[in-house]
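Visitor: I am new to protein structures. Could you walk me through one, please?

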Amino acid sequence: MAKGRVSCSVCGGAEVLHVVTAGFTPGKHRAGRVLVYCGECRRRQWDHTPGPGAVYDVSIPIELMTPALFVRMYETGWTQSSWEIASEMVFGRVPAGIRRMMKSRDRG
Ligand SMILES: [Zn+2]
């Protein structure tokens with residue numbers, strides 16, 4: 001399977017990408033939705049703060065993201081997003097390591 005292009009969830013841009021979790025209710029529920037934002041959309045969403053969803057609990061430059069760190073976000077409860085959809089967003093595909101780690105976690 002070809003590796004998909006990784007781009008901003010809002011505008012499709014590819015500059016200064018960050019993996020973020022957008023929380024639903026700050027202070028109450030830290031498990032946010034995994035999204036990929038470019039530098040510009042990340043800044044704009046933050047500035048406008050249209051609602052609780054604009055607050056990022058996690059923001060990691062995409063170059064630092066690894067399969068192990070990705071899985072760790074789930075282990076520690078920072079997100080409950082579908083891991084298959086989220087890893088396609090972040091890595092352009094579902095890395096074998098993530099599939100293995102998440103499957104053994106599901107069984108655990
Ligand atoms: Zn963008």
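This is a predicted model: local features need pLDDT of at least 70, side-chain atom pairs count only at pLDDT 80 or more; totals for chains, interfaces and linings use all residues.

Visitor: Which pattern does the protein follow along the sequence?

Guide: Helices (H or I, at least four residues) and strands (E, at least two) are DSSP runs, numbered from the N terminus. Here the order is β-β-α-β-α-α-α, with four helices and three strands.

Visitor: Which residues of α3 are buried?

Guide: A residue counts as buried if 20 or more other C-beta atoms, placed from the backbone, lie within 10 Å of its own, as exposed if 12 or fewer do, and as partly exposed in between. In α3, Trp-83, Ala-86, Ser-87, Val-90 and Phe-91 are buried. Seen down the axis of α3, these fall within an arc of 105° (taken from the directions from the helix axis to the C-beta atoms), so they line one face of the helix. Glu-84 and Ile-85, on the other side of α3, are exposed.

Visitor: And what about the nonpolar core?

Guide: In soluble globular proteins, nonpolar side chains tend to be buried together. A nonpolar core is a set of buried Ala, Val, Leu, Ile, Met, Phe, Trp, Tyr and Cys residues joined through C-beta atoms within 7 Å. The largest one here has 19 residues, and Cys-8, Val-20, Leu-35, Val-36, Tyr-37 and Val-90 touch the most other members. β1 (18–22), β2 (33–37), α2 (67–75) and α3 (83–91) each give two or more residues to this core.

Definitions and conventions:
Residues are numbered from 1 along each chain as its sequence is written.
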